[in-house]
Amino acid sequence: MRNRKTKNIKKIPAAPLFMVNNIFTDYYRRLRSARKNNQRLAWTSIGFPKNLLYAMNIVPVYPQLHVGFQASRGLTGQIIEHVEGKYEIPHDLCGEIKSMIGTIINGDRLSFTLPEPHLLAASNCACSAQIKGFNFLHHYLKVPLFFSDYPCVSRDGTDPHVLAYVKGQLDEIVRSIETRFGARFDEQLYYRLTFNDFKAYTVWLEIMKLFRNKPVPADAIDLYLFLVPFFCMDSGRDAFPDLYIMLYNALYERCRNQGSPPKREIRLLWDALPVNHKNQFFKKTFSRYGAAVVMSTYFSDSPSSKTSRLKFTYPLTRAQVEDAVQNEPFEKIEPRINHISGSVNHRIIAHRKGTIKKIIETYDIDGVIMHLDRSCRVGCLPQYELTHFVETELKIPVLVFDSNSMDERYFAESQVLTRLEAFMERLRS
Amino acid sequence: MGGENIIKEAYEIIRAPYDGLTSNPHSHRRYFGYNCIYVPEEMLHAAGFIPIRLFGSTAGINTAEKYIPSHCCDFIKNMLSAFDRGTYGFMEGVVFGFCCDTMQVASNIVMERRHAKVLHVNIPTKLTGELTRRYLVAELQRFKKNLEDRFNVKIDEDRLNESLDVYRENNRLMLEVKAHKANHSDSISGADYLALLSMGYFIPRQDHNERLKFFIDNPETESAGSGKTGKKVIVAGYVHNNFELLNQIEALGVAIIDDDLCEGSRYLTSGAEFGQSPVHTVADRILSRYCPVKQASGEDFADVLIKKYTEASAGGIIIFLLRFCDPQSMEYAATRYKLEAENIPFVVIEPPVHGGLSGQIETRLEAFIERI
């Protein structure tokens, strides 16, 4: 089987891929020139609402995303090794946080540098390890840390006291930054950026729907890249939401022109983060069996994953999107509120079971791949429970494999390949 | 019975804390489990339950990996294994404070597998500020209502005030024993003191208070001999409730003068209470405790250790770092940075789940003691 010729991998169309790359290049260029332009920089954890900072003319830098890019180039293993040795940080802790620390303490010896921050802004929206990572940076860099605490959402819906707590903290942080750094919070800009984000989210939901198509228009593993701008980009710029409109149109076009579905397409759901440094390996292996990842639990749980009521006509235009979102009440899309329920990891297991069930039914999933990511403990500890649920109640096969999204030292290719091949054979039979 | 017998009883209880309860003639009493120092134990007490802390069980084969991957801390694994084997079957319910992400997942597994009736109380990660306090009071009120509705109990203000008095008394007595230990380190060893404190997690608080009072009146024990080198250390972290381990450390000739252990002094409150209502007081008591999993402005793990080290004029710090504990390990990275800057000697060891000190750990500790 391993010698069989690989079928074409379903890549994301070139134009949106080119555009997203340009956006990142532009973003890094802006980061480098920010200090020259007297702009302040905040190093920020995943889940901290970026627009609060942009609305104070502070440029948010997300070192975790930066090291994610490094990991996809297979560069983080050496950085992590150095940090583990220097600070006695155990090998079994989050690789993202260790790479983040390593990127700083190594300077440009092992990785390229990020501009130094004036302040740190972090939340435990994604997990509590990142708070501790930022706490380390706070001691190391000696810059102020602003921390917002997001309680776990243990029931359906969020209690008013939880909302008041989170919103109150973020308001307090804005006031503190204003006082300490002489910044001014531009409320109008904040509203405009938030609406721009919402426009992009709205299109994102429509993009997700395209992956229900048979055959699937592209391998959804590549979509992780398109999630990144939601976390960090200045949505006041023209590329937002145009990037997603372009992606939608390109994928729609492909769905329309693909012709009749193949005899058998194996449709996979991917749980947790991808193995950043091995995306190509997975896509190739899947394509050999006529399989593709059609959805990830990460995409489905992105902050505004409510059912879209919008109806678009092809080709999608900015005017259509603006028309569709203009009457949306601001409170519903306010990130200070939406982020609370946004994180997969901050929800109870029952919620994750519900999400997986919904995806399996909606996307006609044949098998579930659970990436037991040693770099994301909170995301992966429930996976045995989820596996039990999917196999016994939904009767869908599951493959659980051990790896590390950030650390290329912990990937045994031949072992993973053997297990993937066996799983694919099982799904095909 | 002298103070020595109280210590002996304490070791017996913490060696098999849950066995005793199932065979107890008073087992008609209503037991309720809780997982962490941040759970409002006073509310369980006011509801008529005997709060029992969940430390898991290290006896027998650990079956937790049926439910949770291997890269999970032993604290959680021991706890899940105990649930799986029915060790906590005598409890009417259990309450989990979300002290960390792993605990949050574990509580969900217990709930999904219906191992027990589960309640949650969502303790904030941030321990300071008026917003935190306001949130915690609202969360405690939600928890109180949940407890009353699901277990058909009533917690009125008077009952809660009475329970608070019991717990305040307990805190006062423990601090008194601690002060006695500081002044007469030859009369009670560090390990014995911790066993005395830890015993309270498994017996009714009133009974614990009685024993503490008796001990204060009759403090003579035979544990003298620890610290024969005159060297003093602080211990910090988590030791799986294994105080034999601490005894072995003291047998190396060093005295445990103070601690920042999860099973130990982290439980004690500073006594800062700002009133308004009994629920506010419960919140104040919770927020006055510090664990490195949490974030407190102006204070972190290193600060707590440095303060204890200085106050006790200790020679060094032994940190028991639990494997696979994200927050404590990350906090340790920053702590190490500060301790080195302050020239404070410290050593980090992984606490063994079973038994005492292995040869390797013993050698490291001997070298460390030599150094300080």
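This is a predicted model: local features need pLDDT of at least 70, side-chain atom pairs count only at pLDDT 80 or more; totals for chains, interfaces and linings use all residues.
How many residues does the contact take from chain A, and how many from chain B? Counting heavy atoms within 4.5 Å as contact, chain A gives 55 residues and chain B gives 48.

Residues are numbered from 1 along each chain as its sequence is written, chains are lettered from A and ligands numbered from 1 in the order in which they are written, and side-chain values use heavy atoms, with hydrogens and water left out.

Turning to the interface, the area buried between chain A and chain B, that is, the accessible area (1.4 Å probe) lost when the two are put together, summed over both, is about 4,500 Å², and carbon and sulfur atoms give 58% of that area. Of what chain A buries against chain B, A:Lys132, A:Arg377 and A:Leu381 supply 17%, more than any other three residues.

Taking a salt bridge as a side-chain nitrogen of Lys or Arg within 4 Å of a carboxyl oxygen of Asp or Glu, the rule finds 6 across this interface.

As for helices, which are DSSP runs (H or I, at least four residues) numbered from the N terminus, helix 6 of chain A, residues 129-141, brings 8 residues, the largest share of the side of chain A that touches chain B.

Definitions and conventions: Helices (H or I, at least four residues) and strands (E, at least two) are DSSP runs, numbered from the N terminus.
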